[in-house]
Amino acid sequence: MNSRILILDCGSQFTQLIARRVREARVYSEIHPPTKSLEWIRAWKPDGIILSGGPSSVTDDDAPTIARALLDVAPVLGVCYGMQLIAHLEGGAVVGGGRREYGRAEVTVDEPAGLFSGFGAGERTTVWMSHGDHVEQVPPGYVATAHSGNTLAGFRHSTRPIHAVQFHSEVAHTVRGAEIIQNFLFGVCGCTPDWTPGHFIDQEVAKIRELVGDKQVICGLSGGVDSSVAAALVHKAIGDQLTCIFVDTGLLRLREREQVERTMRAHLGIKLITVRAEDRFLNGLAGEGDPEKKRKIIGHTFIDVFEDASAEAGQGAEFLVQGTLYPDVIESVSAKGGPSATIKTHHNVGGLKPDMKFQLIEPLRELFKDEVRNVGRELGLPEEMVGRHPFPGPGLAIRVLGEVTPYAVDILRRADAIYLEEIRAAGLYQEIWQAFAVFLPVRSVGVMGDGRTYEHVIALRAVTSTDGMTADWFAFPHEVLGRISNRIINEVDGVNRVVYDISSKPPATIEWE
């Protein structure tokens, strides 16, 4: 069994980053709500437990909490609210107001051991704070390990393996945060770094074979990284029991269908059925401009198409494979029922029909994007596939803001192709996490050939990221943006203005809808 860390989500928007940092250290982790029973947690057998941050005060009536006995199940790390919760349960003093800290702060290390192994006594280090309440007095049996100018910044129990920090060690702004987390994983918990792509593949293949038996499976193939890796993984497990159904929704990128057919058949030898369903999707979307409703329409139509295609192929499939990832789950619903806020519904998670006949197989559901790419490489998928930028399940429908029409999709598809072509030509594709064009539901006045125009606006988006949970806008050289804008306006009829989105996530999301 792998070393494993249980993360209890107390409501922080950074909780998924804790899981990310643990996985980066090649230790398996899962996020669950603090409402999990003590019996369930003991049966899960964690090598360590991390209590996340959160927006509550520990004295609130509905504040997330745990049984005090949990602190003795396995080594514990409390982060921000998690530190305050430990102090509250163990008899320390937590107070609100007066010493709140938000953003970058300097912390002084008082004890260069435990979480701070490798630091010097009295060393100052930059961290990221985000708290209103603070620990005024450590509980009996605990000692302070770090402080900031305003507050206690860390403590530990004198004999039990319980540690805590007031700052967010999981965010990139905490300069040595990864080192602090690794000190907990390996120095305190004694974990082994055995979470590797090969290990994951072996485990999932065994699970899929046990679940499926001799039954038939279909996979909704989009041509993107996620569904392609999911298909390759399931194919490794059950071979020809898998049939991939590639649906041309009419919402794909330029020449996407031809590329998918060539890659899946040539590289993987997977049974592939292509369904041309452009009219079905576009008719279903006619007149609808609400992004959540568009997602559900597309999700429901996908299932209808899969059911029809499966019946026509005579497969009698009972399982449906989807390329759902961990960020999809976290942003769509509070992770595993925990208190984190829902951001938006993702197609793979919230757009499925409640009465569909298939049982879902989501082998990538607990993986971040870079982990999926590494699994794809381990499975032998070509780099041109695993290195592609993310593409949403609903396709161009959520990049046409407002009503989706064939006219708008055609303009967007051609503009997007020019954008990506120029990014590749400039040698910037691999520096960017995701780049795409957006069709805006506005027109602007322009001048072409000495005449007035009143045409459409295309927005360009490009971001850098590691996992899609946070992102910064990409700083293009101005001459590259100039070439892209010039080509789109000159080559795509109906467009007379191009703008560039310089919003980061948060506060914006990567996609516009």
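Ring pairs link Tyr419, Trp473, Phe474, Phe476 and Tyr500 into a cluster. Rings of Phe, Tyr and Trp (its six-membered ring) pair if their centres lie within 6.5 Å. The model is predicted: local features need pLDDT of at least 70, side-chain atom pairs count only at pLDDT 80 or more, and totals for chains, interfaces and linings use all residues. Residues are numbered from 1 along each chain as its sequence is written, and side-chain values use heavy atoms, without hydrogens and water.

**Aromatic pairs**
- The whole structure holds 10 aromatic pairs.
- Tyr419 and Phe476 form a tilted pair, at 6.2 Å centre to centre and 55° between the planes (stacked is under 30 degrees, edge-to-face over 60, tilted the rest).
- Tyr419 lies in helix H14 and Phe476 in the loop between strand S19 (472-473) and H15, so this pair ties together parts 57 residues apart in sequence.
- Tyr419 counts as buried at 0% relative accessibility (buried is under 20% relative accessible area, exposed over 50%, partly exposed in between, with a 1.4 Å probe and protein chains only).
- Phe476 also counts as buried, at 5%.
- Phe476 and Tyr500 pair edge-to-face, with 5.5 Å between centres and 65° between planes.

**Helix packing**
- H14 (residues 406-425) and H15 (residues 478-491) pack at about 150°, with axes 10 Å apart.
- They are therefore roughly antiparallel (over 145 degrees; under 35 is roughly parallel, 65 to 115 roughly perpendicular, the rest oblique).
- The contact (heavy atoms within 4.5 Å) includes Tyr419 of H14 and Ile488 of H15.
- Its residues divide into 5 nonpolar, no polar and 6 charged (Ala, Val, Leu, Ile, Met, Phe, Trp, Tyr, Cys and Pro count as nonpolar; Asp, Glu, Lys and Arg as charged; the others, Gly among them, as polar).

Notes: Axes are lines fitted to C-alpha atoms, for helices over the stretch in contact, and angles run from 0 to 180 degrees between N-to-C directions. Helices (H or I, at least four residues) and strands (E, at least two) are DSSP runs, numbered from the N terminus.
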